[in-house]
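I opened my notebook to look up a few things in this structure, one entry at a time.

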Amino acid sequence: MYKYNRLTNTSDNFSSIDIAKFFASLIVIIIHLKEFISNDQESYLFFITMISKLAVPFFFICSGYFFFKKCEWNNGKIINSKSNRKKLFNYLKRICILYIIYSVVYLFYLIPFWYNTSGISIHTFIDYGVAFFRSGSVYHLWYIHNLIYATLLGYFLLSLINKRAVLFISIMFYTVGVFAYSYFWIDCFPIDLALRFQIFAQGMWSVGTVAFPIMFIGIIAGKRHRFSCQLNLFLFAISFVLLIAEYLFVKVHTKESFSYLFCTVPCTYFLFSSIVSINTKFSVEKMRLLRQMSTIIYCIHPMVIYIIKATTTFGEGDIAVVYTIVALSSILISYIIVKLSSIKLLRWLKYAY
């Protein structure tokens with residue numbers, strides 16, 4: 001059963017977060033269905049698109065919250081003890097195994113694509129290997145890639161300096177990242193310098209300017225007392241309206257859509273705080289199932305989209321139908337994988353989540 005203690009900040013089961021992560025994994029699918037959206041549907045899907053921009057930041061916050069919450073602290077710093085290093089190793093081992101497995105799975109899916117487009121050579125596989133370490137082997141796996149490096153960065157910084165100093169660093173990193181990513185159209189030296197750093201850092205840029213700062217929000221959320229659920233929801237609503245306003249302001253100048261803006265930070269913080277402050281009572285088993293399915297849904301849905309594109313004639317304007325098929329298929333596949341993994345001979349399927 002779920003039990004949350006507001007004063008001690010401990011719980012037996014964060015079922016509200018597990019439920020939110022499950023729906024967030026389904027919302028992420030919308031981001032990768034842009035080609036099925038027609039011009040007359042853009043206004044209709046605007047609100048859903050804005051919600052989808054909070055899904056991946058929400059995952060980062062959850063990861064930062066749960067991992068660093070388990071670590072032992074002293075005077076605002078992580079104790080670099082054997083116990084903490086073991087927690088770091090076990091956490092990273094699980095994520096790295098997940099990343100390797102899906103990178104290999106998608107490699108087999110990409111080989112026919114490469115063969116039918118630009119052809120296959122040794123350089124193709126070298127590029128894939130470089131991307132595996134630098135930016136993410138497949139476009140949606142950048143989240144897992146960044147999570148690995150951001151966790152290492154966070155642990156390293158927090159074991160050397162206290163949270164306040166790391167908070168300042170994360171704010172600085174995120175500010176530089178937003179200017180280079182969303183406000184690049186402003187002609188001034190600091191932004192030009194940020195763009196140069198972005199080109200220099202390439203794939204690792206998002207680790208420092210996106211993944212780590214947003215993960216740190218989870219650390220703050222785990223170490224501070226929260227407002228009431230009603231106040232958190234109110235503050236989330238205000239910050240969401242401001243996020244929409246900032247999004248429209250940037251789009252007017254760039255004609256492009258961006259996921260990481262200044263208002264993303266308070267919006268995701270109050271969203272997370274609102275969800276954590278909701279009292280729910282669900283069984284641990286059911287919530288574990290949702291948690292496991294969420295990971296699989298996030299990892300496999302691009303492959304489901306690819307299969308639908310290859311076997312059907314759906315096109316622009318069919319997003320509602322395509323989304324329903326992709327979402328239901330991903331849910332079904334994830335449920336089957338989790339259930340099969342409970343069979344002794346198929347326990348290796350547990351590595352899929």
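Entry 1: I began with a term I needed: a strand here is a DSSP run of E with at least two residues, and strands are numbered from the N terminus. With that settled, I placed asparagine 74 in strand β3. I also noted that the model I am reading is a predicted one.

How exposed is asparagine 74? I found a relative accessibility of 46%, so asparagine 74 counts as partly exposed. I then checked how far asparagine 74 is from serine 283: the two are 209 residues apart along the chain, and their C-alpha atoms are separated by 34 Å.

Next I looked up asparagine 75, which sits in the loop between β3 (73-74) and β4 (77-78). Is asparagine 75 buried or exposed? Asparagine 75 counts as exposed, because its relative accessibility is 69% and the cut-off for exposed is over 50%.

**Entry 2: salt bridges.** How many salt bridges does the structure hold? I found two.

One of them joins aspartate 18 and arginine 291, with the closest N and O atoms 3.0 Å apart. Aspartate 18 lies in helix α1 (residues 15-31) and arginine 291 in helix α12 (residues 284-311), so this pair ties together parts that are 273 residues apart in sequence. Aspartate 18 is buried, with a relative accessible area of 5%, while arginine 291 counts as partly exposed at 31% relative accessibility.

I also wrote down the salt bridge between glutamate 35 and lysine 309, where the closest N and O atoms are 3.2 Å apart. This pair links distant parts of the chain, 274 residues apart: glutamate 35 is in the loop between α1 and α2 (46-52), and lysine 309 is in helix α12. Glutamate 35 is partly exposed, with a relative accessible area of 46%. Lysine 309 is partly exposed as well, at 41%.

**Entry 3: cysteines.** How many disulfides does a search of the whole structure find? My note says zero. Cysteine 96 is in no disulfide, and the nearest cysteine sulfur, that of cysteine 299, is 13 Å away. I also noted that cysteine 96 counts as partly exposed, at 27% relative accessibility.

For comparison, I kept the cut-off beside it: a disulfide needs the two sulfur atoms within 2.5 Å. Cysteine 229 counts as buried, with a relative accessibility of 18%.

**Entry 4: surface patches.** Which residues form the nonpolar patch on the surface? I listed Tyr115, Ile120, Ile122, Phe125, Ile126 and Val130, which together have about 580 Å² of accessible area. Helix α5 (residues 122-134) gives the most to this patch, with four residues. Isoleucine 126 is partly exposed, with a relative accessible area of 44%.

I then turned to a positive surface patch, formed by Arg288, Lys344, Arg347 and Lys350. Where is lysine 350? Lysine 350 is in the segment after α13 (319-340). Its relative accessibility is 40%, so lysine 350 counts as partly exposed.

Entry 5: I finished with a glycine and a proline. Glycine 154 lies in helix α6 (residues 142-160) and is buried, with a relative accessible area of 1%. From glycine 154 to serine 334 I noted 180 residues in sequence and 31 Å in space, C-alpha to C-alpha.

Proline 190 lies in helix α8 (residues 189-201). At 55% relative accessibility, proline 190 counts as exposed. Alanine 180 is 10 residues from proline 190 along the chain, and their C-alpha atoms are separated by 9.2 Å.

Definitions and conventions: Residues are numbered from 1 along each chain as its sequence is written. This is a predicted model: local features need pLDDT of at least 70, side-chain atom pairs count only at pLDDT 80 or more; totals for chains, interfaces and linings use all residues. Side-chain values use heavy atoms; hydrogens and water are left out. Patches are made of residues with over 30% relative accessible area and no salt bridge: like charges are joined within 9 Å, nonpolar side chains (Val, Leu, Ile, Met, Phe, Trp, Tyr) within 5 Å. Accessible areas come from the Shrake-Rupley method with a 1.4 Å probe; for residues, only the protein chains shown count as cover. A salt bridge is a side-chain nitrogen of Lys or Arg within 4 Å of a carboxyl oxygen of Asp or Glu. Lys and Arg count as positive and Asp and Glu as negative; His and the chain ends are not counted. The place of a charge is taken as NZ of Lys, CZ of Arg, CG of Asp or CD of Glu. Buried means under 20% relative accessible area, exposed over 50%, partly exposed in between (1.4 Å probe, protein chains only).
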